[in-house]
Amino acid sequence: MERYLPSYEILVHEVAQLPEQRLVGGGMALVAFVLFKYGRSPEILERLSEFFSDLERAWEKGGLPTLKQVLTYLHQVAPTLQRDDLGALVRPLGDKAEALAMTLEQKLVEEGRKQGRQEGWQAGRQEGRQEGRREGRQEGKIAIARKLLDRGHPAAEVAELTGLD
């Protein structure tokens with residue numbers, strides 16, 4: 001029975017550690033290897049421009065969806081890239097490619113704004129709760145102080161017991 005069971009060996013390669021000569025293939029496969037190897041590196045745009053003919057072939061075969069994958073990956077792994085850098089990279093591919101880069105950038109910026117607003121709203125809510133608790137404790141101390149004063153306790157003793165000045 002054992003001879004009928006499949007036997008697999010899983011190979012995992014850290015593409016970023018491979019020498020550039022080992023990056024083989026063409027078109028989108030090579031573009032993907034370059035993205036994996038240099039995606040987090042400050043030299044990613046320079047490296048991609050070296051493989052521009054492969055990016056161009058991937059663009060010709062896959063069109064906007066393929067380019068969108070490349071640009072989305074770049075935005076996620078290299079957030080320091082500037083909008084103009086990506087526009088310059090894809091500009092030779094034509095107006096549609098450049099428009100895609102700008103549209104994607106705008107979408108990601110808007111998502112970042114929404115996330116920032118949400119985080120700010122949550123922080124504001126938390127801060128508001130804390131402020132409300134502080135005010136509530138203060139009001140409670142004042143109410144207790146009034147009762148103690150109404151019952152004839154000396155002001156110094158009331159201040160000491162409630163922590164009010």
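I began with the bend in α3. A kink of about 125 degrees lies at Gly-63, shortly before the proline Pro-65. I note here that the model is predicted.

Next I checked the span of α3. Helix α3 covers residues 52–77, which is 26 residues. I found its end C-alpha atoms only 19 Å apart. A straight helix would reach 38 Å at 1.5 Å a residue, so α3 falls short of that.

**Entry: α1 against α3**

I looked up how α1 (residues 28–38) packs on α3. The angle is about 30 degrees, and the axes are 10 Å apart. Angles under 35 degrees count as roughly parallel, so α1 is roughly parallel to α3. I recorded the crossing of α1 and α3 as right-handed.

Then I listed the residues that meet. From α1 come Met-28, Leu-30, Val-31, Leu-35 and Phe-36. From α3 come Asp-54, Leu-55, Ala-58, Thr-66, Gln-69, Val-70, Tyr-73 and Leu-74. I sorted the α1 and α3 contact by class: 10 nonpolar, 2 polar and 1 charged residues.

**Entry: α3 against α5**

I turned to α3 and α5. Their axes come within 10 Å and cross at roughly 30 degrees. The two helices are therefore roughly parallel to each other. The crossing of α3 and α5 is right-handed.

On the α3 side I noted Trp-59, Leu-64, Leu-67, Lys-68, Leu-71, Thr-72 and His-75. They meet Lys-96, Ala-97, Leu-100, Ala-101, Leu-104, Glu-105 and Leu-108 in α5. By class, I logged 9 nonpolar, 2 polar and 3 charged residues for the contact of α3 with α5.

**Entry: α5 against α6**

Last, I followed α5 (residues 95–150) to its contact with α6 (residues 155–162). The axes of α5 and α6 come within 10 Å, and they cross at roughly 150 degrees. Angles over 145 degrees count as roughly antiparallel, so α5 is roughly antiparallel to α6. I recorded the crossing of α5 and α6 as right-handed.

I wrote down the contact residues too. Helix α5 supplies Lys-141, Ile-144, Ala-145, Leu-148 and Leu-149. Helix α6 supplies Ala-155, Val-158, Leu-161 and Thr-162. The class count for α5 with α6 is 7 nonpolar, 1 polar and 1 charged residues.

Technical notes
Residues numbered from 1 in each chain as written. Predicted model: local features only at pLDDT ≥ 70, side-chain atom pairs only at ≥ 80, totals over all residues. Heavy atoms only, no water. Helix = DSSP H or I, 4+ residues; strand = E, 2+ residues; numbered from the N terminus. Bend = angle between axes of the 7 residues up to and from the residue. Axes fitted to C-alpha atoms, helices over the stretch in contact; angles between N-to-C directions. Parallel < 35°, antiparallel > 145°, perpendicular 65-115°, else oblique. Left-handed = near helix turned anticlockwise from the far one by under 90°. Contact = heavy atoms within 4.5 Å. Nonpolar A, V, L, I, M, F, W, Y, C, P; charged D, E, K, R; others polar.
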